[in-house]
Amino acid sequence: MGRSSWRLVVAAGAGLALALEALPWLVRWLLAGRRPRREVLFFPSQVTCTEALLQAPGLPSGPSGCRCTLPHKESSLSRLLQALLAARSSLELCLFAFSSPQLGRAVQLLHQRGVRVRVITDCDYMALNGSQIGLLRKVYRYGTTRT
């Protein structure tokens, strides 16, 4: 083989190696059907009604989803809930403290839909008053792993 033939073989090998490295990413991107969602949300959020988002499928609801007096507009919390409720097969949450009842209800809805949910949180904050972890463990018998 001549010198240019070896260069061609090396270039083809390097190209094949790069293609094999990029293949899993490409398959995931194609299966997802859209690009990853990148958004910055600021908390604490404005107080708004999230009932319409947290209604279980098939339950009747009024034109606005509920009759509460809270503003029915978009907020950081409602955007977060929409993103979480879009999960189809699995959801992994890593939180320092988990005290939002709306977030707890969203996790329950996903679990009822058959979505595999894994919540990672600080074990010292699991027992705090208002923590949703105890409720979720009681209702769905979640296991805990101490590290």
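Trainee: How many salt bridges does the count come to?

Mentor: This is a predicted model, and the pairs are taken from its side chains, where a Lys or Arg nitrogen must lie within 4 Å of a carboxyl oxygen of Asp or Glu. Side chains of opposite charge can pair when their charged atoms come close. By this rule the count comes to 4 salt bridges.

Trainee: How many residues apart in sequence are the parts that R79 and E39 tie together?

Mentor: The closest N and O atoms of R79 and E39 are 2.4 Å apart, and the two residues form a salt bridge. Because R79 lies in helix α2 whereas E39 lies in the loop between α1 and α2, the pair ties together parts of the chain whose separation in sequence is 40 residues.

Trainee: Which residues do salt bridges that share partners join into one network?

Mentor: R79 is partly exposed at a relative accessible area of 26%, and E39 is partly exposed at 34%. Salt bridges that share partners join these two with a further residue, so that, by the salt-bridge rule, the network consists of E39, E74 and R79.

Trainee: Which helix holds R105, the salt-bridge partner of E51?

Mentor: E51 and R105 form a salt bridge in which the closest N and O atoms are 2.6 Å apart. The pair ties together parts that are 54 residues apart in sequence, because E51 lies in the loop between α1 and α2 while R105 lies in helix α3.

Trainee: Which strands are linked by the pair E92 and R118?

Mentor: The side chains of E92 and R118 meet in a salt bridge, with an N to O distance of 3.1 Å. The residues are 26 apart and link distant parts of the chain, namely strand β1 for E92 and strand β2 (residues 116–121) for R118.

Trainee: Is T50 buried or exposed?

Mentor: T50 has its place in the loop between α1 and α2, and, leaving aside neighbours within four places in sequence, T50 is in contact with L77, S78, L81 and Q102. Since the relative accessible area of T50 is 5% and the cut-off for burial is under 20%, T50 is buried.

Trainee: Which elements do the buried residues of α2 pack against?

Mentor: In α2, the buried residues are S76, L77, S78, L81, L84 and L85. An α-helix has 3.6 residues a turn, so residues three or four places apart point the same way. The buried residues of α2 pack against β1 and α3.

Trainee: Which element gives the most to the largest nonpolar core?

Mentor: The largest nonpolar core has 19 residues, and those with the most contacts inside it are L91 and L110. The elements that give two or more residues to this core are α2 (76–85), β1 (90–95), α3 (101–112) and α5. With 5 residues, the element that gives the most to this core is α3.

Trainee: Which peptide bond is cis, with omega near 5°?

Mentor: Most residues other than glycine have a negative phi, and most peptide bonds are trans. P44 is found in the loop between α1 and α2, and the cis bond is the one from F43 to P44.

Methods. Residues are numbered from 1 along each chain as its sequence is written. This is a predicted model: local features need pLDDT of at least 70, side-chain atom pairs count only at pLDDT 80 or more; totals for chains, interfaces and linings use all residues. Side-chain values use heavy atoms; hydrogens and water are left out. A nonpolar core is a set of buried Ala, Val, Leu, Ile, Met, Phe, Trp, Tyr and Cys residues joined through side-chain atoms within 4.5 Å. Buried means under 20% relative accessible area, exposed over 50%, partly exposed in between (1.4 Å probe, protein chains only). Helices (H or I, at least four residues) and strands (E, at least two) are DSSP runs, numbered from the N terminus. Contact means heavy atoms within 4.5 Å.
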